[in-house]
Amino acid sequence: MSNVEVIQLVTGIGQIIAVAIIPIIVWFIGIKYQNRKAKKDAQMSLFLTLMANRKSNPITKEWVDALNTIDVVFQDNNGVRHAWREYLDSLNEKSPHFQNNNAFLLDLLSEMAMSLGYKNLKQTEIDRFYSPKYFGSQMSRQEIMFQEYLRVLMHSRNFSEGFSEEEYQSHYNNLIEKDKNT
């Protein structure tokens, strides 16, 4: 076999190997990219949920759900997970940090912002929040209506007939027992 034939043979084998291996490498890189992007998207979604609901009163279910997924979504980020543990501790009424839990929340959101590339987002900017008076008024009205419905229902057999004081106490105690059992 001549040198030219050997070179052609090696080149042919190299091309066959390249045609077989390059798609596998591209597929592997694509999977790695998609996994990384999915994790980053989950982190961003979690962060935006926490930012959007950070001063909602009363707190929303989305807020609680987002907090409860931090350990999973940021599993590889020790700084965020540490800030989350400190914030969680500050939420306990018996914690010495309870009065300052907003500072721990700002630390948590700031740590998340840094990990997501928002390096110029200051804690004072994170702490800023807009909530129109209308929302507060609407919540107050809804709470008043709820309390009134509850008062009427708890003091009534039905909407047109009220309880006597003894019947009310018995009814109230039954409701409390049912609530304890659920």
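A pocket here is an open set of grid points with protein on both sides within 12 Å along at least five of seven lines. Keep that in mind as you work through this predicted model.

**Exercise 1. Describe the second largest pocket: its volume and its lining.**

Step 1. Start with the space: the second largest pocket holds about 190 Å³.

**Exercise 2. Work out how helix α1 packs with helix α5.**

Step 1. Two packed helices are described by the angle between their axes and the distance between the axes.

Step 2. For α1 (residues 3-52) and α5 (residues 101-115), the angle is about 145° and the axes lie 11 Å apart. Their crossing is left-handed.

Step 3. Look at who touches whom: α1 brings Lys40, Leu46, Phe47, Leu50 and Met51, while α5 brings Leu109, Met112, Ala113 and Ser115.

Step 4. Classify these contact residues: 7 are nonpolar, 1 is polar and 1 is charged.

**Exercise 3. Is Ser110 buried or exposed?**

Step 1. Locate Ser110: this residue is in helix α5.

Step 2. Buried means under 20% relative accessible area. Ser110 has 16% relative accessibility, so Ser110 counts as buried.

Step 3. Check the partners. Leaving aside neighbours within four places in sequence, Ser110 contacts Gln123 and Ile126.

Notes. Residues numbered from 1 in each chain as written. Predicted model: local features only at pLDDT ≥ 70, side-chain atom pairs only at ≥ 80, totals over all residues. Heavy atoms only, no water. Axes fitted to C-alpha atoms, helices over the stretch in contact; angles between N-to-C directions. Helix = DSSP H or I, 4+ residues; strand = E, 2+ residues; numbered from the N terminus. Left-handed = near helix turned anticlockwise from the far one by under 90°. Contact = heavy atoms within 4.5 Å. Nonpolar A, V, L, I, M, F, W, Y, C, P; charged D, E, K, R; others polar. Buried < 20%, exposed > 50% of the residue type's maximum accessible area, 1.4 Å probe, protein only. 1 Å grid on protein atoms, 1.4 Å probe; cavity = no way out; pocket = protein on both sides within 12 Å on 5 of 7 lines; lining within 4 Å. Points joined across faces, edges and corners; volume = space filled by probe spheres on them.
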